[in-house]
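Open the structure in your viewer and keep the selection panel at hand. The tour goes from one selection to the next and says what is found at each stop.

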Amino acid sequence: MAKPVTKKIFMNGLKKALGLLWIILGPASIIFMFMQAVDKIGLAPDGVAKTNTALQWGIILFIFIPISAGLVIFGWYALKGEYDKLPED
Amino acid sequence: MSPEPQKNSIFKVIGASSLGTLIEWYDFYIFGSLATIIGAQLFPADAGASALINTLAIFAAGFIVRPFGALVFGRLGDLIGRKYTFLLTLVLMGGSTFLIGLIPSYSSIGYAAPILVLILRLIQGLALGGEYGGAATYVAEHAPANRRGFFTSWIQTTATGGLFLSLGIIVVTKNLLGAEVFADWGWRVPFLLSILLVGVSIYIRMKMHESPMFTKLKTEGKVSKNPLKESFSHKVNFKMVLLALFGATMGQGVIWYTGQFYAQSFLENTCKLDFNDSRYILLWGIVFATPFFVIFGSWSDKVGRKWIMLTGMLLGIIFYRPIYQVFLDDTDVSKVTQQDILKTDKPEIKQNPVDGTMDLLYTTSTRITLTNGMSYTEVQAATKYESGAPDTLVKTYKDKKLPAPVFWKFVALIFFQILLVTMVYGPIAAFLVELFPTKIRYTSMSLPYHVGNGVFGGLVPFIATLIASFPGSTPLSGLWYPIGIAALSFLIGAIYLSNKKPDHGEASH
């Protein structure tokens with residue numbers, strides 16, 4: 001029975017280690033989207049097109065900021081070992 | 001009770017639930033299927049591509065509010081019951097769809113037109129946010145625990161069925177009325193028709209009974225007092241909400257909307273296929289693939305949900321770019337030589353002044369048929385400047401009709417994409433239902449479902465079109481969005497999800 005136990009320990013370690021990645025990925029994705037927004041709004045011609053571009057990116061950021069916060073919380077839970085044991089295990 | 005009446009009863013439950021859900025999806029998708037025409041009606045005539053992007057943004061707004069609908073109606077469903085909640089969502093959806101069909105165009109009421117449509121679209125999104133979780137929960141709570149995948153997979157066919165119905169009614173209406181009348185006012189017919197469909201569905205749903213598991217909870221006085229608090233402030237539930245979102249519904253959402261929505265939008269707007277051809281291809285793909293929802297749903301009862309869903313995501317990650325490259329290559333007519341041309345029709349020439357200037361725009365449209373059976377319209381737009389500046393000539397192609405072998409090859413490629421949809425989507429209702437206990441199920445499962453589908457999935461056409469419009473991008477650049485999201489979800493799902501069914505300590509139905 002040593003093999004399944006070793007696998008379990010490895011998987012739990014991986015889950016925790018990746019938790020750190022999700023914590024970093026959350027804000028990193030928002031920074032990336034924000035930089036894209038500034039870049040693309042800057043490239044748009046003045047007038048209606050600029051307003052439209054700003055509106056579109058505003059919508060994207062508004063939606064993805066709370067989702068990225070969720071990814072950070074998910075990562076935090078993973079790092080703390082909350083997913084080592086699920087209700088079905 | 002004998003097994004036979006029980007079987008009849010569950011199929012009545014599935015029939016009544018599925019019909020209403022199918023109609024709600026129909027209501028929701030006719031907007032997306034008519035994005036190009038609605039864009040021309042809602043925005044100024046010279047808005048061009050920005051009208052399409054803005055219409056897609058209004059379309060996307062309906063998806064964005066779905067999670068809020070999930071919270072509002074999910075809470076109601078866990079408090080007062082499943083039956084009355086999804087009856088209410090049906091009325092809201094039908095009413096707002098009908099009213100979209102009555103909104104005057106931009107030429108009549110200016111920017112009030114897109115604003116009113118946006119408001120109605122938001123109501124549609126809220127209603128759908130409440131509907132799906134209710135229907136899936138309702139069916140799952142009537143089904144035996146060991147066959148939940150099979151029984152809920154019927155509900156899973158309704159989203160694709162709704163899309164099929166919307167495309168079918170649009171194509172039939174357009175063919176009956178003609179292209180010009182359809183673009184003028186005929187596009188309103190599919191919206192107005194919704195009121196009849198919803199009426200029938202309300203009548204059927206009124207006759208349904210409350211779910212047995214919810215009734216049992218109510219009788220025992222165990223109904224949740226505050227489903228929102230229990231779902232999202234208790235770590236034991238909230239961590240599962242996050243896992244369901246990032247490890248399953250997020251990837252499932254982008255696979256669904258790439259295969260069934262972006263594909264059609266790509267064929268029509270990027271490959272410039274004929275309006276009907278782009279829809280017929282999708283319709284055939286849906287017809288061939290739909291039974292697989294039930295096959296994969298049923299199979300997931302035997303082998304578990306996790307790996308069926310994740311395999312669907314993985315295949316999407318691997319094959320999307322090659323598939324869309326084939327779409328582009330097979331519809332590319334820019335390299336056609338004289339030897340390839342079988343017939344050239346008489347060109348139609350139009351001369352129009354350019355708005356607000358003395359410049360003239362000459363448009364020459366020529367229908368060309370190739371020896372391989374493909375035909376298309378070549379449009380040459382030449383602008384003659386009053387100032388004496390050199391003339392400009394822009395050549396574009398539209399209304400491409402494919403030869404039969406290429407048409408069926410495209411059907412096969414769309415079928416494959418929808419097959420992936422059936423893998424990720426067939427088992428997911430059972431997966432979500434089983435993840436949460438009965439008393440907070442409606443609320444808890446609805447949120448990750450609608451964030452995954454509504455936000456990540458629903459934004460595929462919008463974000464992919466946006467990415468493809470960036471300077472330096474290629475027509476395939478937009479695919480990086482669904483591929484990236486599916487890859488992230490696959491990784492999280494593979495590592496964190498379990499293939500076993502959770503046990504919430506409840507007696508199975």
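Which residues does B:Leu328 touch, not counting residues up to four places away in sequence? They are B:Cys271 and B:Pro475; touching, or contact, is taken as C-beta atoms, placed from the backbone, lying within 7 Å.

Before going further, note that this is a predicted model, in which local features need pLDDT of at least 70, side-chain atom pairs count only at pLDDT 80 or more, and totals for chains, interfaces and linings use all residues. Residues are numbered from 1 along each chain as its sequence is written, while chains are lettered from A and ligands numbered from 1 in the order in which they are written.

**Around B:Leu328**

Stay on B:Leu328, which sits in helix H16 (residues 306-331) of chain B. Helices (H or I, at least four residues) and strands (E, at least two) are DSSP runs, numbered from the N terminus. B:Leu328 is partly exposed, because 14 other C-beta atoms lie within 10 Å. The cut-offs are 20 or more other C-beta atoms within 10 Å for buried, 12 or fewer for exposed, and in between for partly exposed, with C-beta atoms placed from the backbone.

Next select B:Lys272, in the loop between H13 and helix H14 (275-289) of chain B. B:Lys272 is not a glycine, yet has a positive phi of about 60°. Most residues other than glycine have a negative phi. With 17 other C-beta atoms within 10 Å, B:Lys272 is partly exposed.

**Chain B as a whole**

Zoom out to chain B, which has 21 helices and five strands. Its radius of gyration is 24 Å, close to the 23 Å that the globule rule gives for 509 residues, so chain B is as compact as a globular protein of that length. The radius is taken over C-alpha atoms, and the rule is 2.2 Å times the number of residues to the power 0.38. The C-alpha trace of chain B spans about 85 × 45 × 40 Å along its principal axes. Of the 509 residues, 50% count as buried.

The average for chain B is 87, and 94% of the residues score at least 70. Over residues 1-5 of chain B pLDDT stays under 50, and the model has one contact beyond four places in sequence for them. For the model, ipTM is 0.91 and pTM is 0.86.

**The nonpolar core**

Which residues have the most contacts inside the largest nonpolar core? Select B:Val139, B:Val424, B:Leu432 and B:Val460, in a core of 146 residues. Such a core is a set of buried Ala, Val, Leu, Ile, Met, Phe, Trp, Tyr and Cys residues joined through C-beta atoms within 7 Å. Helix H13 (residues 235-270) of chain B gives the most to this core, with 18 residues.

Move to strand E3 (residues 360-370) and strand E4 (residues 375-384) of chain B, which run antiparallel and are joined by ten bridges. Strands pair if DSSP finds at least two bridges between them. B:Thr363 has B:Ala381 in E4(B) as its bridge partner. The hairpin of E3(B) and E4(B) has four residues between the strands, and there B:Gly373 takes a positive phi near 100°.

E4(B) also pairs with strand E5 (residues 392-401) of chain B, in the antiparallel sense, over eight bridges. Select B:Glu378 to find B:Tyr397 of E5(B) opposite. In strand E5 of chain B, pick B:Asp399, which has a positive phi of about 50° although not a glycine.

**Chain A and the interface**

Finish with chain A, which has two helices and zero strands. Its radius of gyration is 20 Å, well over the 12 Å that the globule rule gives for 89 residues, so chain A is more spread out than a compact globule. Buried residues make up 17% of chain A.

Show the contacts between the chains: 22 residues of chain A meet 23 residues of chain B. On the side of chain A that touches chain B, H2(A) gives the most, with eleven residues.

Definitions and conventions
Contact = placed C-beta atoms within 7 Å. pLDDT = per-residue confidence, 0-100.
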